[in-house]
Amino acid sequence: MLLAHIPYDRICVTPQARFGFHQAHLASATATLWAGYSAGIRDWINARGGLTPDFKWMGAPDTYQFFHKC
């Protein structure tokens, strides 16, 4: 949800930062979240099998492709 509301250039990440992506309980909620992600984030998720009930965790160094280092 964070990524749908805060511009990516306003987010900085440390080496320990992690983002988790998963399906919501409702398909409509999943669609809303999906629409809030940048194309690059969606590509990253899709390259790992897409959204599922299980978390896909993004950590360093992948986070540095999308966000500034703190």
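Mentor: Helices (H or I, at least four residues) and strands (E, at least two) are DSSP runs, numbered from the N terminus. This is a predicted model, in which local features need pLDDT of at least 70, side-chain atom pairs count only at pLDDT 80 or more, and totals for chains, interfaces and linings use all residues. Residues are numbered from 1 along each chain as its sequence is written, and side-chain values use heavy atoms, with hydrogens and water left out.

Trainee: In what order do the elements of the chain run from the N terminus on?

Mentor: The chain holds three helices and four strands. Read from the N terminus, their order is α-β-β-α-α-β-β.

Trainee: What radius of gyration does the chain have?

Mentor: The radius is taken over C-alpha atoms, and the globule rule is 2.2 Å times the number of residues to the power 0.38. A compact globule of 70 residues would therefore have a value near 11 Å, and the chain agrees with this at 12 Å.

Trainee: Is Thr-30 buried or exposed?

Mentor: Thr-30 lies in helix α2 (residues 27-36). Buried means under 20% relative accessible area, exposed over 50%, and partly exposed in between (1.4 Å probe, protein chains only). Because its relative accessibility is 15%, Thr-30 counts as buried.

Trainee: Which residues is Thr-30 in contact with, leaving aside its neighbours within four places in sequence?

Mentor: Contact means heavy atoms within 4.5 Å. The side chain of Thr-30 reaches the backbone nitrogen of Ala-24 at 2.8 Å. With neighbours within four places in sequence left aside, the contacts of Thr-30 are Gln-23, Ala-24 and Leu-51.

Methods
Polar contact = N/O pair within 3.5 Å; in protein donor to acceptor, adjacent residues only side chain to side chain.
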